[in-house]
Amino acid sequence: MEEHGASRQQQSPRRRLTADDWADAALAALGERGLAGVAVEPLAARLGTTKGSFYWHFANRDALVVAALARWEEVATERIITAMEAAEPDPAARLDALLRAAAASASQNPLDVRLLAAGDHPEVAAALARVTERRVGYIAHLFELLGLPPAQAHHRGFLAYTSYLGHAQLAHATPGAVPADPEYLEAVATLLRR
């Protein structure tokens with residue numbers, strides 16, 4: 001009897017899930033199956049919990065979608081910008097690193113493509129607009145630091161961002177069609193910097 005009780009005490013208690021855990025699971029499902037993949041029961045199963053945990057954090061599915069989109073903005077935009085700023089003081093090197101990282105992630109992570117496909121959903125549309133403005137603005141800022149006038153820097157930032165989105169879309173629609181070799185990525189970065 002004591003051995004059984006001792007083994008029970010050694011088991012670690014289940015970690016209490018947070019709203020961010022649910023938002024991360026929703027983002028993973030969204031990346032895999034689109035907005036329709038964000039459903040409470042399958043997410044609860046994925047997280048190894050019950051719907052009760054969901055309702056502890058969210059009033060409904062729409063609230064989870066809003067939280068997941070906010071999490072996407074934070075993780076996939078703000079944290080990346082912060083990391084770029086901290087890691088590289090030279091704007092040219094920062095821009096190169098950002099362009100290479102974006103091109104590499106475009107073919108690996110379908111989340112941005114799935115969100116674009118769900119752009120008719122009001123909350124998704126609003127998040128896409130905010131993220132687009134922030135990402136284009138940051139890239140334009142880097143081009144300004146490289147000496148381009150503001151209007152030209154914005155145009156170049158917009159071109160770089162739409163190139164990323166096209167790269168991502170094509171990489172997921174026709175895997176293997178988009179070159180992933182370093183020479184291609186360097187050529188794209190060089191063209192965008194001109």
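Me: What is the N to O distance in the salt bridge of arginine 130 and glutamate 73?

Reply: This is a predicted model, in which local features need pLDDT of at least 70 and side-chain atom pairs count only at pLDDT 80 or more, while totals for chains, interfaces and linings use all residues. Residues are numbered from 1 along each chain as its sequence is written, and side-chain values use heavy atoms, with hydrogens and water left out. A salt bridge is a side-chain nitrogen of Lys or Arg within 4 Å of a carboxyl oxygen of Asp or Glu, and for arginine 130 and glutamate 73 the N to O distance is 2.6 Å.

Me: Is glutamate 73 buried or exposed?

Reply: Buried means under 20% relative accessible area, exposed over 50%, and partly exposed in between (1.4 Å probe, protein chains only). Arginine 130, at 42%, is partly exposed, whereas glutamate 73 has a relative accessible area of 17% and therefore counts as buried.

Me: Which helix holds lysine 51, the partner of glutamate 41?

Reply: The side chains of glutamate 41 and lysine 51 meet in a salt bridge, at 3.5 Å from N to O. Helices (H or I, at least four residues) are DSSP runs, numbered from the N terminus. Glutamate 41 lies in helix H3 (residues 40–47), so the pair ties together parts ten residues apart in sequence, and lysine 51 lies in helix H4.

Me: How many salt bridges are there by this rule?

Reply: Besides those pairs, arginine 79 meets glutamate 74 at 3.6 Å, N to O, and Asp20, Asp24 and Arg71 are linked in a network. By this rule, the count of salt bridges comes to ten.

Technical notes
Helix = DSSP H or I, 4+ residues; strand = E, 2+ residues; numbered from the N terminus.
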